[in-house]
Amino acid sequence: MGDARTAYPSLTFLGAAGTVTGSRFLVEDHGVRVLVDAGLFQGVRELRRRNWEPFAVPAGSIAAVVLSHAHLDHCGYLPCLTREGFAGPVYCTEGTARLAEIVLRDSARLQEEDARYAAERGTSKHSPPRPLYDEADAEQAIRQFRPVSFGSSAEVAPGFHATLRPAGHILGAATVELGVASRTVLFSGDLGRSQHPLLRAPAAPPVSDVTVVESTYGDRAHAPVRGSLAEPVRHTLARGGVVLIPAFAVDRTEVVLMELRRLTLAGEIPHVPVYVDSPMALAALSVYREAIRVGSPELRDDATLEPDVFDPGDLREARTVDESIALNDPGRPCIVVSASGMATGGRVVHHLASLLPDPRNTVILAGYQAVGTRARDLAEGARQLKIHGRYVSVRADIVDCPEFSVHADAGELVAWLASAPEPPTTTYVVHGEPESAQALAARIADELDRAAVCPRPGERVLVR
């Protein structure tokens, strides 16, 4: 008998195993390597340090990368790979290509700015501080993008074929069906919600031998979004405060703006200026507006698409540094939507430093917050927050609204898996904190009677 290790393709979990971020899955067959997603680890320092470690295999040995979508924890490691010698194509949808360009450029710029800031303040252990990658690395990665259409099969490497289907998470997000050696591995990427206000629900999964499914909300159900912002916004504005909403630049900002518009038009919150203070969010907003203008097939048929569905009535764009600095003390009741969504960097960190000490203000956390991030600390009741080397008192109200996540909840994940024409041999549960992943695996086993495994970081399995 031949060696079983060479008779079947292998799958190695290089990221997003035992944690939510760092999506990296390596599929190998007869010396050909394809990487599905190349994301950054985010959250606690121990995870972020993994971004600096040498990659598990030589970057130049990877034939191709296939991206599920444009969020940083799925595409943000690409510039590291290209700098280290990866020269192959990066396959993704057109929407992902457009948004990932924005995300990677912004990530590189922020990392360079953070390195400069650390050098000025002397807050880094390294001398001199250096970014993980720079703008030149990001531009090289972008040049390697090869957009493909939803539903079409593309040969991404010798013997490997990929088909991308809508995942309903953000614009361009896809599930990845990777076929190799008469075997099929299905990657859910990040699955969207069945009731996303703008995007269609995820496409049903095809037949696969192995399914790799996310579990960000694998242990809970989402509460309804409608109305959850109304009371804290009304209360804050009535006492003369500022509502600060840290929001992911891609999709979360759009969803928040749509809800603020609905509440304003319904008279449930006052008509006040709403600032979007994130260059990346404003660039992503343009991509979403263009998708609406051309009638993208990713959009729901029943979505309400007014002339500007993202304008609550007095939308203002803070583009320059001076405009952003002014929002540290706006001087009037208003709403500020700013990135990053987990308050790990970007302009929102400066706003938190200025606005958290004032009890008139409110910070609304719109969605999932990873362990080790400032937003997670706020959600768990922190009374001080370390920002730029000093501690800031938290006197503002903190409102946690996880229902704004555009991840499927546990019930939606199980329903999506159950809709496959045939069950896979094995379902691997990833992209979740241990409790969440284990809870989803248990539900899959109990309710669907399928083998469900939470893989270990770095674990290698055969696709059989």
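This is a dialogue on reading selected features of a predicted model.

Trainee: What is the mean pLDDT of the protein chain, and what share of its residues reach 70 or more?

Mentor: The mean is 93, and 96% of the residues reach 70 or more.

Trainee: Over which residues does pLDDT stay under 50?

Mentor: Where pLDDT is low, the predicted coordinates should not be read in detail. Here that concerns residues 1-5, where pLDDT stays under 50. The model has three contacts beyond four places in sequence for this stretch.

Trainee: Which residues of α14 are buried?

Mentor: Ser436, Ala437, Leu440, Ala441, Ile444 and Leu448 are the buried ones. They lie on the same side of α14, because they cover an arc of only 130° around the axis. The face turned away from that buried side carries Glu435 and Asp446, both exposed.

Trainee: What do the buried residues of α14 pack against?

Mentor: They pack against strands β11 (210-214), β20 (426-430) and β21 (452-453), and against helix α13 (410-418). Just after α14 comes Asp449, with a positive phi of about 55°.

Trainee: How many residues of helix α11 are buried?

Mentor: Seven of the nine, so α11 (residues 347-355) is mostly covered. The buried residues of α11 are Arg347, Val348, Val349, His351, Leu352, Ala353 and Leu355.

Trainee: Now the charged residues. How many salt bridges does the structure hold?

Mentor: Side chains of opposite charge can pair when their charged atoms come close. This structure holds 24 salt bridges. One of them pairs Glu317 with Arg289, with 3.7 Å between the closest N and O atoms. Glu317 is in strand β14 (residues 315-317) and Arg289 in helix α9 (residues 279-294), so the pair ties together parts that are 28 residues apart in sequence.

Trainee: What is the relative accessibility of Glu317, and what is the relative accessible area of Arg289?

Mentor: Glu317 has 32% and counts as partly exposed. Arg289 is partly exposed as well, at 27%.

Trainee: Which residue pairs with Glu380 in a salt bridge?

Mentor: Arg376 does, with the closest N and O atoms 2.9 Å apart. Glu380 is exposed, with a relative accessible area of 56%, whereas Arg376 counts as buried at 17% relative accessibility.

Trainee: And which residue forms a salt bridge with Arg456?

Mentor: That is Glu459, the closest N and O atoms being 3.7 Å apart. Arg456 counts as exposed at 55% relative accessibility, and Glu459 counts as buried at 18%. Elsewhere, salt bridges that share partners join Arg289, Asp308, Glu317 and Arg319 into one network.

Trainee: How far is Asp73 from the nearest side chain of opposite charge?

Mentor: That side chain is Arg252, 9.5 Å away. Asp73 has no salt bridge, although the residue is buried. A salt bridge requires a side-chain nitrogen within 4 Å of a carboxyl oxygen.

Trainee: Where does Asp73 lie, and which residues does Asp73 touch?

Mentor: Asp73 is part of helix α3 (residues 72-75). Leaving aside residues up to four places away in sequence, Asp73 touches Val20, Thr21, Gly22, Ser23, Gly39, Leu40 and Gln42.

Trainee: Let us return to backbone angles. What is phi of Asp37?

Mentor: Phi of Asp37 is near 70°, a positive value in a residue other than glycine. Asp37 sits in the loop between β3 (32-36) and α2 (45-48). At 2% relative accessibility, Asp37 counts as buried.

Trainee: What is phi of His388, and where does His388 lie?

Mentor: His388 has phi near 50°, a positive value in a residue other than glycine. The loop that holds His388 runs between β17 (384-387) and β18 (390-393). His388 is partly exposed, with a relative accessible area of 27%.

Conventions: Residues numbered from 1 in each chain as written. Predicted model: local features only at pLDDT ≥ 70, side-chain atom pairs only at ≥ 80, totals over all residues. Heavy atoms only, no water. Buried < 20%, exposed > 50% of the residue type's maximum accessible area, 1.4 Å probe, protein only. Helix = DSSP H or I, 4+ residues; strand = E, 2+ residues; numbered from the N terminus. Arc of directions from axis to C-beta. Contact = heavy atoms within 4.5 Å. Lys, Arg positive; Asp, Glu negative; His and termini not counted. pLDDT = per-residue confidence, 0-100.
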